[in-house]
Amino acid sequence: MAFKLISTEGEQTFELRSGGTLVVGRALTSDIPVLDPTISRRHAEVAWDDSGVHVRDLGSSNGTFLNGVKVETARLSPGDVITFGKVPFRLREITADPRSTAADTPTSFSAPVPAGATIVRKLPTRDSRQAFASYRTSGAARVVEETTPIRSEDDKNEQKLALLLEVSKGLTSAVDVDALLEKIVGEVYKILDVDRVAILLVDDQGDLQPKIARDKRGVTAGRMVPQSIVRKVVEEKVAILSDNTLEDQRFGGQSIVMQRVRSAMCGPLIGSEDRVLGVLYVDNLTTAHRFSEDDLEFLIAFAGIAGVAIENSQFADRIRRETLARSNFERFFAPGLAARIASSPDAVRLGGEKRQVAVLFSDIRGFTALSETMTPDEIAKLLTEYFTEMVECVFRNGGTLDKFIGDAVMAQWGAPIGEPDDADRAMRAAIEMMTALDQLNAKWRVEGKPQLSIGIGLNFGEVFAGNIGSERRLEFTVIGDTVNTASRLCSAADGGEILLSDDFRRSLREPPRIEERPAIELKGKSQRIPLYRVTTS
């Protein structure tokens, strides 16, 4: 015959010792620690002898009650409810299993551990598949192979093995590691008798950061993992079981005392390259000798699977970063060009093709002299605002930003993907750039900043479009006489003026109001070329 005190909520269980007296109290060193503010440090004594189970109040502040009646001393019967302060326990009679041993009883008080003894058991971490195999060759495998009724311990092993199988299968579909870790924490509570579960992961700086931490009620816990345990797990790559941390000389840090840890297990999360990715930690705040070697083996296997999940998550995160990089690429180049480069290896080879394109150049007038009156930070901020608006005009009209040349912008329409109205798109972009600059100048005027003026040149014709550069550094651009002419038209334009060539004018389907200007001589041209100017009246 044996007896247990079990809290009415089932969160705490204490086995009574025949012929001994146990102290109930709020102190962590109590034989039956009950961590509640209504419990005194030495609240009551519970004794079991030949005449039965007895309780004696030790002058507690909030009293001891038997079935709701306050008592000083009383004899208990199975089924009675004994309440210490406001924490009720029920006395249960249990029948000893002849197959059980003292080592199998996680909460037994029959063999006190001498104070100061080293009671840590640690196992070198193995590959998660090895730990998984150990379960298959242990009691869990016998459950599958034998036709005899399942014993309670074997039933628990079967449940653990089924859980490992479930988690392993979940890895193939779980991209979000946070959701998987939430599930792991929930399942750990079903299998292991723990008060708290935490998973910490190594961040980019190599520091451990809490990823998830829960207590039995599902409440998020704070900084709950004793650093003395975690350091040993990470540095030595071992899994640790401490079944009485308060008396364990290896882990005598203040965090263990302050966090009221009695039993704890912690295993490293190891990646495929034998790199520590984090730790899986569980503990019990009320009872020493709570965990067994089998529990530690299960934790090792669990940690191995969790490590695989983390690596899968990191791989998925790398894919997301690459997708983001492509998204950033599309901020500076036409979406069609970005898609072509991403989808075709041929797109990044040296070479290109001849295409008909519309080319736009815009340039700030007098910017060199203006910059001499400004600090570098002021120049950078001003140009950032200016370029942002100018590029938006280009993209809004389907153009490709070719490059920035100092304070100049070069854009083109037609390469690598052309449209019938490329010239009209370029024309609309040029007009919108002038309007956007007027709005910027109005804003800067209020802020006391200098005003800018730009000239724009437009041309249409054949160019060479492709990736220019070396094998290590390629840049998609357009080159040729058409580009040079557009640049020189831009240089000839006064502030606020949009100049276009006759080739560009003839390519327009919906031309704006324009006027002819005297033909001009351009460098590299043997004859004067016709010139047109966009008018606003």
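Me: A polar contact is a pair of N or O atoms within 3.5 Å (within protein, one must be able to donate a hydrogen and the other to accept it, and residues adjacent in sequence count only if both atoms are side-chain atoms). How far does the backbone nitrogen of Glu510 lie from a polar atom of the side chain of Asp424?

Reply: This is a predicted model, where local features need pLDDT of at least 70, side-chain atom pairs count only at pLDDT 80 or more, and totals for chains, interfaces and linings use all residues. Residues are numbered from 1 along each chain as its sequence is written, and side-chain values use heavy atoms, without hydrogens or water. Asp424 receives the backbone nitrogen of Arg509 at 3.0 Å from a polar atom of its side chain. For the backbone nitrogen of Glu510, the distance to a polar atom of the Asp424 side chain is 2.8 Å.

Me: Which side chain of opposite charge is nearest to Asp424?

Reply: Asp424 sits in helix 11 (helices, H or I, of at least four residues and strands, E, of at least two are DSSP runs numbered from the N terminus). Asp424 is buried but has no salt bridge. Buried means under 20% relative accessible area, exposed over 50%, partly exposed in between (1.4 Å probe, protein chains only), and a salt bridge needs a Lys or Arg side-chain nitrogen within 4 Å of an Asp or Glu carboxyl oxygen. With Lys and Arg counted as positive, Asp and Glu as negative, and His and chain ends left out, the nearest opposite charge, at 5.2 Å, belongs to Arg509.

Me: Are Asp283 and Arg196 buried or exposed?

Reply: These two form a salt bridge, their closest N and O atoms being 2.7 Å apart. Asp283 belongs to strand 17 and Arg196 to strand 13, and 87 residues separate them. Both are buried.

Me: Is Lys216 buried or partly exposed?

Reply: Lys216 forms a salt bridge with Asp195, the closest N and O atoms being 3.9 Å apart. Asp195, at 11% relative accessibility, counts as buried. Lys216 has 33% relative accessibility, so this residue counts as partly exposed.

Me: Which residue of strand 23 is the bridge partner of Ile456?

Reply: Strand 21 has 12 of its 16 residues buried, so this strand is largely enclosed by the rest of the structure. Strand 21 runs parallel to strand 23, joined by three bridges. Beyond four places in sequence, Ile456 touches residues including Leu360, Met433 and Cys490 (contact means heavy atoms within 4.5 Å). Its bridge partner in strand 23 is Ile498.

Terms used:
Two strands pair if DSSP finds at least two bridges between them.
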